[in-house]
Structure formats: structure tokens, C-alpha cells
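Below is a short report on one protein chain.

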Amino acid sequence: MNRLSGEFMRETNSRRIQILEHQRLKIGEYYHGVLFTRQDWQALLNESERHYPPYFKITHNGIKALNYVGFVSVPGLTLEILPKTSISNKNGLHKLLLDMLAYCQMIPPIHNELLLSSAQGSLHQYFISAFVEEVDQLVKEGLLKKYRTEVRNQNKFCGRVKLSEHIKHNHTHKERVYAEHQLLDEDHHLHHLLASALNVLDQTFLSQDLQFRIARLLHELPNVDNFKKQLSLNCKFQYRENRYKKAMHWAQFVLNKLKPSFSLGQQHSISCMIDMQALFEKYVAKRLQEAAINLDCRVQFQPKSKFWMKRSIRPDMVLVTPEQDKVILDTKWKILKNAQPDDADLKQIYIYNRIVGARRGILLYPEQGDIEAYASDYYHPEDTAVSCELAFVNLVDKNTGQLSTAWADELLAKILAQALV
């Protein structure tokens, strides 16, 4: 991409629209002062065709957000989709999402709380700022030098002669020596990965401060023309390389999630979207597994049970009590209609109970206002009662505004206190 087209991208992508899950965008309407145009709709349509399942649903003269959150940056517009929760503040929604991602180790831990505010409330700018901050810190501390082997034809003798290659290339040039030697410098795979990720970011819309910082860091790092041939993302860290871990984690996140697509000609698009149902499931399972250690029980994550012929089922979680009874736990990232679960969810829990041999199944939802937990037995001709319960996870501590950690201990204690019928 030439400099002119890069500047064009930076100018046109300054428009940003923020919406919530399942919200609709319609052509010709304004969203916080930003007009959603037919060109925006067409660009999002082109981006949607690159992904399956799609991040959002394309409708006539508009789009409808699904259960994916994050951002999609297309020529002219950055669309940000935030989780739909009881939190009304946009920065609070950003922090909730980032804290959940960090807790599930999908992004590095967040230590600098000022980064989000400095990113002007944009997830796009936050991810980039966090990565640039880590690389900047490495440069200030001094880049690591490593030994590497170089083989080349040169006019002076240095290292070990590669006799067969020397004869092949220099039978008419007696003044040259084809030799292999060791170099100690900053040209190695760790810096190649960092520079490659920075090159990706350099092609996106950024604030002037970030543009300047990335250009300066690229000047400090080695050239990465042969990046694809030399770099492995699954690199192992030696003792001296431990300080690179967080920056490398961010670099892999950038290359895996933010790599631009050039399917739209000279104008690129990038996206980083997270399935909120999968994230909620992973977060709840990890937190419950930690809480179960102190209560002499265990939480199995997605245990497999035979269902029909070669098919199997995988409940989200199975709680095994100290008495070795089983309780099905199934997460649902959705808002209840009329405080009632969907028929499909009730049927799913019933099947799980019958196949796994559990007599209790619990649907876990994010907190939803004043709706409280309740339970009821299924109507069944046999004497053995099978029940389905509804419980709610309070993701945010109302006093601190931070990601709550107490809910898991309280939930498990309540489940274990209720004797199976």
C-alpha cells in the first residue's frame, strides 16, 4: 500500500459507530452523530462474506448484530459491538469484556488501567496501544541480541569455509570465499514477530501519536522481508527472553486477529470479534473450577457422553458433588423473555440429565435485573424427579465496578446445600 492510500485510509476510517449485541443498524440513520451510509453497508456485507459463521446478519437496508462482540474496521468506518448487559456505561462494557478476555488468557493481563481511557474508548485503539506499550518498553530496556548463523560469499575470510559451495560459486573468482560464520545482533525471530505485527498495524487507521510511535519502533527493529520463511509463532522462551512474553502474546494476537484483508483492492479491512456465548462459557467454567477446589467437589468442562450411534453430547459443565452426585450446568448468554427460558434450552437440559444420569440441571444466565433464581421439576411418568433450575451470574461487583469473583463461591455453596430430591 502506498503512502497516499494509507493516508486516505486513516482519514476515512475516523468514523466510528458503537452498538450493542442484537442491535440493528439502518442505512440513512444517525448513531451518536455518525451517519450509516449505503457504502458502509456494502463494505460490511463484503467483510461478512469472509467469515462463517457470520459476525452479523445482513438485512434489507441494514444489519443486525448477533452474539459476537468486538470491532470490524472497513474502509470508511469502524463498527464496534459491545456486550448487552446491565452495565449502561460504554467504558464499563469495554472493561468487562477486556477483563473477561484477560481472565480466560485470551489476551495478556491488564496492568495499565489508563490505556483504555487513552485509547478514547475504542477497543481497536486499546489493543494497539497495549501492544505498542509493551514493545516500547522492550526498546527502552534494550533489545536482546542473539547469535545467528550466516552463510554468504564475501571478499574476506571469516568463519568456516563451505568447500562444495565455494568451488561451485568461486571457480572463476579466486578473491572470494564462501563461508559460514556467527553473528551477534538483534536480527532474530523474536524481533521479526514484533516487527511483522507492527507492520500490520501500520496499515490501519490510528491516532497520530500511535502512527509516530509505530514508525519509531519499526526503525529500531530489524527488517522482516523474509518473515514468513523465518518465523514460527510457537516459539519457546529461554531465561533471557522471559521479558518478551507479554509483547509476544500481543504480537500473536495482532497477527492472528487483526491481520488485514486486501480483498477490497487497495483498501483493507480488519476485524476482531469474539463469540460472547463461548467467552461466557469459558469464563464461568474457569471460575467455578477454581471455586470447587475449596468445597471438596469438582467441575468437569465439556465432558463427553455417548448419545446415539457414533454421536455424542457435551454439556458445558458437570458438577460432581462430594457425594458423587452429578449436576448439569449449562451457560446461556442471552436475555430472557418474560423471565422464562426457551423451550429448546429446557429440552436440552432434560436430555443432558437423562444421558449423564443427573437429577438436576441448571441454566446459568448473566444477571438480569430483578429476576431471581427458581426451579421446577419436569413432568415425568416415573417416580424419579428430574428438575431444571435457573441461576444468574453477577459478572460485575456493584461496589467496585470490577469483574466479580464472589459469585462462583456463593453459587456452588447454594447448589451443594440443596439436597437432591
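## Two loop residues with positive phi

His-32 sits in the loop that links strand S3 (30-31) to strand S4 (34-35). The model is a predicted one. In it, His-32 has a positive phi of about 55°, although this residue is not a glycine. For context, most residues other than glycine have a negative phi. His-32 counts as exposed because its relative accessibility is 70%, and the cut-off for exposed is over 50%.

Asn-61 also has a positive phi, near 60°, and is likewise a residue other than glycine. Its place is the loop between strand S5 (56-59) and strand S6 (62-65). With a relative accessible area of 26%, Asn-61 is partly exposed.

## The chain as a whole

The protein chain contains 13 helices and 20 strands. Of its 421 residues, 47% are buried. The chain exposes about 22700 Å², and carbon and sulfur atoms supply 50% of that area.

Contacts between residues at least 6 apart in sequence can be sorted by their separation along the chain. Of these contacts, 66% join residues at least 24 apart.

## Helix H7 against helix H10

Two packed helices are described by the angle between their axes and the distance between the axes. For helix H7 (residues 189-201) and helix H10 (residues 245-257), the angle is about 45° and the axes are 9 Å apart. H7 is therefore oblique to H10. The crossing of H7 past H10 is left-handed.

Which residues of H7 and H10 meet? On the H7 side they are Leu-190, Leu-193, Leu-194, Ser-196, Ala-197, Val-200 and Leu-201. On the H10 side they are Ala-247, Met-248, Ala-251, Gln-252, Val-254 and Leu-255. Sorted by class, this contact of H7 with H10 holds eleven nonpolar and two polar residues, with no charged residues.

## Helix H7 against helix H8

H7 also packs with helix H8 (residues 208-220), at an angle of about 150° and with the axes 10 Å apart. H7 and H8 are therefore roughly antiparallel to each other, since the angle is over 145 degrees. H7 passes H8 in a left-handed crossing.

H7 contributes Ala-195, Leu-198, Asn-199 and Leu-201 to this contact, and H8 contributes Ile-214, Leu-217 and Leu-218. The residues in the contact of H7 with H8 are six nonpolar and one polar, with no charged residues. Leu-201 is listed in the contact of H7 with H10 and in the contact of H7 with H8.

Thr-204 and Ile-270 are 66 residues apart along the chain, and their C-alpha atoms are separated by 8.1 Å.

Val-74 belongs to strand S7 (residues 68-74). At 0% relative accessibility, Val-74 counts as buried.

Note on methods. Residues are numbered from 1 along each chain as its sequence is written. This is a predicted model: local features need pLDDT of at least 70, side-chain atom pairs count only at pLDDT 80 or more; totals for chains, interfaces and linings use all residues. Side-chain values use heavy atoms; hydrogens and water are left out. Axes are lines fitted to C-alpha atoms, for helices over the stretch in contact, and angles run from 0 to 180 degrees between N-to-C directions. Helices (H or I, at least four residues) and strands (E, at least two) are DSSP runs, numbered from the N terminus. Angles under 35 degrees count as roughly parallel, over 145 as roughly antiparallel, 65 to 115 as roughly perpendicular and the rest as oblique. A crossing is left-handed if the near helix is turned anticlockwise from the far one by less than a right angle, and right-handed if clockwise. Contact means heavy atoms within 4.5 Å. Ala, Val, Leu, Ile, Met, Phe, Trp, Tyr, Cys and Pro count as nonpolar, Asp, Glu, Lys and Arg as charged, and the others, Gly among them, as polar. Buried means under 20% relative accessible area, exposed over 50%, partly exposed in between (1.4 Å probe, protein chains only). Accessible areas come from the Shrake-Rupley method with a 1.4 Å probe; for residues, only the protein chains shown count as cover.
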